[in-house]
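Colleague: I would like to learn how to read strands and their neighbours in a model. Could you take me through one?

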Amino acid sequence: MAFCSIAFQNEIDTILDLGVHPDDIIYANPCKTKSFISHASSMGVDLMTFDNEHELYKVRQLHPNAKMVIRIKVDDSHSVCRFSAKFGADLDQVPKLLQLAKKLSIDIVGCSFHVGSGCEDAGSYQQAISNAKYVFDLGEKLGFSMTLLDIGGGFPGTSNAPIAFDDYVKVINESLDIYFPEFDSQGMKSKVKIIAEPGRYYVRFFLNIKITLN
């Protein structure tokens, strides 16, 4: 399953004009203006991220049918571009936010994180995925159906990167096998969908090809 991750209102219109179904769009900006939330609602884009209580109150008012993904703050100290200063809820704030969502009758469906663009430590993904599992468990205990994990991006797209892309893949897959296995102990297939945001990887990869061809 493929999702399109967008951050601004005009991107919704652009993606929809390309024929993408609203159900396949995740509005991954945790802090949206009221007009942006209203526009997403009018266009049928329900899947959105949040990392603070103010966003929950806005969503209850403007898009009560939204399906929310809580973005958590993770260690991005080894990344070229760090996002934790701007986005993500501290892990100790997650219980409070989930409880508020429950009180406001807002549907929480998953968790997202981003270790930063140009991450140079594959271990950052292992800890982030472990933290996401903690969030899933909290959500399930509150009665939410947690079905979406967004592991963000930050993957290198060049062969001379400090850490090879395959090394990230190995760590991520091993961590997912531990915390989000494909099958449970009864042999039932997991309902959790796992998505990523490999924008940096694709841009650097295709830019490198263009340079090589030239």
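Modeller: This is a predicted model. Start with strand β2 (residues 25-27), which pairs with β3 in the parallel sense over two bridges.

Colleague: Which residue of β3 is the bridge partner of Ile26?

Modeller: Ile26 has Leu47 as its bridge partner there. Leu47 also stands opposite Lys67 in β4. Strand β4 (residues 67-71) pairs with β3 in the parallel sense, over four bridges.

Colleague: How should I read the side chains along β3, and which of its residues are on each side?

Modeller: In a regular strand, side chains alternate between the two faces of the sheet. In strand β3 (residues 47-50), Leu47 and Thr49 are on one side, with Met48 and Phe50 on the other.

Colleague: Now a residue in a helix. Is Lys58 buried or exposed?

Modeller: Lys58 lies in helix α3 (residues 53-62). Lys58 counts as buried because its relative accessible area is 18%, and buried means under 20%.

Colleague: What does the side chain of Lys58 make a polar contact with?

Modeller: The partner is the side chain of Glu55, at 3.0 Å. Leaving out residues up to four places away in sequence, Lys58 touches Lys32, Lys34, Ile37 and His63.

Conventions
Residues numbered from 1 in each chain as written. Predicted model: local features only at pLDDT ≥ 70, side-chain atom pairs only at ≥ 80, totals over all residues. Heavy atoms only, no water. Buried < 20%, exposed > 50% of the residue type's maximum accessible area, 1.4 Å probe, protein only. Polar contact = N/O pair within 3.5 Å; in protein donor to acceptor, adjacent residues only side chain to side chain. Contact = heavy atoms within 4.5 Å. Pairing = 2+ DSSP bridges.
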